[in-house]
Amino acid sequence: MKKLGSILKNKEIMNRIMFTILILFIFRIGCQITVPGATLESENLSTYLESNNALALMNILGGGTLQTFSIFALGVSPYITAQIIVQLLATDVLPALSELKRQGQYGRKKMELATRYLTLMLGAVQAYGIIKTMETSDLVSFSAGSTPWLTYVYVVVVMLAGSMTVMWLGDQISVKGIGNGISMIIFAGIVCSLPNQISTAFQRWIIGANPGDAQLIKGVFSFLLYILSFLLIISFVTFVELSKRKIPVQHSGKGGGQTQSMAKASFLPIKINSAGVIPVIFASSIMTAPSIIVGFLGSDTNAEWLNVFSSSKMTNMGSWSMPWGLIIYLALTIMFTFFYANLQINPEQLAENFQKNGSYIPGVRPGIETERYVRKVLNRVTFIGAMALAIIAALPSVLTLTVFKDYPSLALGGTGLIIVVGVALELNTQIDGLLAGKSFDEVVAAGGRD
């Protein structure tokens, strides 16, 4: 309550919060505007997206924008994919990008510009693939004139314009609002879908049962268990996001009068899940690529072989029936978790920086020994994080295949919860920073008056 009171009294924080709410309100209005010229079968489309197929993740990241086939249907998905590709190419794969990465603020601006151009190209391909996939599946129809290809160009341009508008709204939040803009837009979309999910569970298990019937008692217990499971998953995700391994670090430049409390405060924190939700998004992008490409080519998007890339379907191969899509998805998630964790924390560069700054890990020699030690600790910690991330990411698919076969929309979304918890923790940290800055300014002002 004390923190809430401090937030309400802080004019800067309140202005930022109100601006963020306004931008998110504009975004939600755009989510309800269907692409002009498109007619959709809402019931069939909703069922199609509930089955965790190739477009399910895009619908989650867009906050249900595909369900209405809105002008914001692409959301920030092309931008996220482009950002990941640019970051991967900047790791000594493409020398020009690697050089820009070392040029500080100027290099970051150039890399951001390259990301935006790549977003346009990926967005155009993705938009056409979505259009053809939905049209082939009889989910969306378009009022084509004498030249059908012009209709496709028009719809693609509208969807691209919507995606760029969403990116602009995100930039406004980052500059004038609170939190990371792109993350906040994804956060808002996921949070908006949670009440509907809980309401659906309540209607099917409690309202749908006959009063006084044993089915009602069973429904009440099922609903309470559902809510409890939801809270337990959120707690588990929060625990994983906050867990870290602290490597003690000492600095040779400090004098011998260093206190014990100061020595404890000097450490290198390595998060269990330092890669965040990026591995899940990237693995999902690869899994959805075949369906998008097939849709782009105008082929049958319901072909049996595409089930191999669906994490929520069993695939028959001879006498074996296995969730091959889920297995591939988890393998990709684990692989990208290790890859991205080593991108975030580069042991070789870290060892070099330690030598330059006169820092060292007690009991470990500087240089190559430090690099090996950090890499060993990072890989061990990342293994735990990769397993946790795989469990959370697999949860919706496992529940869809087992518990919620008849109600796939009730499957608890692990990917969405990772994003929601991560953004909530980031918001809390930023608000604490703004409050601490305000307190420091007040202390300085009070000292000046004295």
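Let us begin with Pro248, which lies in strand 3 (residues 244–248); strands are DSSP runs of E with at least two residues, helices are runs of H or I with at least four, and both are numbered from the N terminus. This is a predicted model, in which local features need pLDDT of at least 70, side-chain atom pairs count only at pLDDT 80 or more, and totals for chains, interfaces and linings use all residues. Residues are numbered from 1 along each chain as its sequence is written, and side-chain values use heavy atoms, with hydrogens and water left out.

Beyond its neighbours within four places in sequence, Pro248 is in contact (heavy atoms within 4.5 Å) with Ser266, Phe267, Tyr360, Ile361 and Pro362. The C-alpha atoms of Pro248 and Ile361 are 6.2 Å apart, although 113 residues separate the two along the chain.

I turn now to the cores. A nonpolar core is a set of buried Ala, Val, Leu, Ile, Met, Phe, Trp, Tyr and Cys residues joined through side-chain atoms within 4.5 Å. The largest has 57 residues, and Phe27, Met184, Ile185, Ile186 and Tyr329 have the most contacts inside it. Helix 9 (residues 181–207) supplies the largest share of this core, 11 residues. A second, separate core of 20 residues includes Met58, Phe69, Val140 and Met159.

Finally, the protein chain has 16 helices and eight strands, and 44% of its 450 residues count as buried.

Definitions and conventions: Buried means under 20% relative accessible area, exposed over 50%, partly exposed in between (1.4 Å probe, protein chains only).
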